[in-house]
Amino acid sequence: MTEYSVVDTPIGPFTAVVRDDEVVASGWTGDVNDLVGLIHPSIRPVEVRERADLGQVTKAVAAYHSGDVGAIEDIVVNQRSGEFIQHAWKVLRTVPAGAPVTYAQFADLAGRPSAVRAAASACARNPVALFVPCHRVLRTDGSIGGFRWGLPAKRWLLEHETV
């Protein structure tokens with residue numbers, strides 16, 4: 001059974017899609033259809049059902065946005081892609097709140113220092129925003145770069161994590 005819930009946050013609605021107690025997609029949108037297409041075809045649900053509360057996931061989202069930036073760390077995610085991208089997503093989960101890295105540093109952390117574009121691609125293809133914190137990666141020149149959910153949201157997240 002795949003279920004989703006929408007939580008109001010200071011930067012807009014946040015939707016999480018959960019299958020078997022694992023987050024398979026999430027982001028700052030109130031429309032679950034914005035997320036379902038991001039899920040790898042091998043685990044993409046045919047149907048999703050809304051639920052008011054997803055237990056630990058909903059609690060973690062609320063706690064994070066209220067100031068407990070570590071609340072998201074223990075949430076289990078399920079993402080599928082090629083070997084490097086999957087590894088890069090795991091590495092992203094080790095980037096601490098308040099200590100963003102550049103794409104070049106991220107590529108190095110992922111064990112492929114010359115693969116800066118591949119590291120950027122891992123961020124761009126991340127279906128599980130927040131729990132896999134792609135917002136913690138900046139352009140190599142230190143500027144904010146892009147973000148699927150908008151630059152105002154990315155700025156808010158980075159500032160929220162440095163307070």
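1. Val76 lies in the loop between helix H2 (56–65) and H3. Its relative accessibility is 42%, so Val76 counts as partly exposed. On this scale, buried means under 20% relative accessible area, exposed means over 50%, and partly exposed is in between (1.4 Å probe, protein chains only). The C-alpha atoms of Val76 and Ala129 are separated by 13 Å, and the two residues are 53 apart along the chain.

2. Before going further, a word on the model. It is predicted: local features need pLDDT of at least 70, side-chain atom pairs count only at pLDDT 80 or more, and totals for chains, interfaces and linings use all residues. Residues are numbered from 1 along each chain as its sequence is written, and side-chain values use heavy atoms, with hydrogens and water left out.

3. Next, have a look at strand S1 (residues 2–9). Six of its eight residues are buried, so S1 is largely enclosed by the rest of the structure. Helices (H or I, at least four residues) and strands (E, at least two) are DSSP runs, numbered from the N terminus.

4. S1 has two partners to follow here. With strand S2 (residues 12–19), S1 pairs in the antiparallel sense over eight bridges, and a hairpin of two residues joins S1 to S2. Ser5 stands opposite Ala16 in S2. With strand S4 (residues 49–50), S1 pairs in the parallel sense over two bridges, where Tyr4 has Glu50 as its bridge partner. Two strands are said to pair if DSSP finds at least two bridges between them.

5. Now to the helices. Two packed helices are described by the angle between their axes and the distance between the axes. Helix H3 (residues 83–92) and helix H5 (residues 116–124) pack at an angle of about 75°, with their axes 9 Å apart. H3 and H5 are therefore roughly perpendicular to each other. Angles under 35 degrees count as roughly parallel, over 145 as roughly antiparallel, 65 to 115 as roughly perpendicular and the rest as oblique. The axes are lines fitted to C-alpha atoms, for helices over the stretch in contact, and angles run from 0 to 180 degrees between N-to-C directions.

6. Which residues in H3 meet H5? Phe84, Ile85, Ala88, Trp89 and Leu92 do so, and on the H5 side they meet Ala118, Ala119, Ser121, Ala122 and Cys123. By class, this contact of H3 with H5 has nine nonpolar, one polar and no charged residues. Here Ala, Val, Leu, Ile, Met, Phe, Trp, Tyr, Cys and Pro count as nonpolar, Asp, Glu, Lys and Arg as charged, and the others, Gly among them, as polar.

7. Two backbone angles deserve a check. Most residues other than glycine have a negative phi. Asp20, in the loop between S2 and strand S3 (22–27), has a positive phi near 50°. Leu130, in the loop between H5 and strand S6 (137–138), has a positive phi near 80°. Asp20 is exposed, at 53% relative accessible area, whereas Leu130 is buried, at 0%.

8. Finally, the cysteines. The whole structure has zero disulfides, a disulfide being a pair of cysteine sulfur atoms within 2.5 Å. The sulfur of Cys123 is 5.7 Å from the closest cysteine sulfur, in Cys134, which is too far for a bond. Cys123 is buried, with a relative accessible area of 8%, and Cys134 counts as buried at 8% relative accessibility.

Key
Contact = heavy atoms within 4.5 Å.
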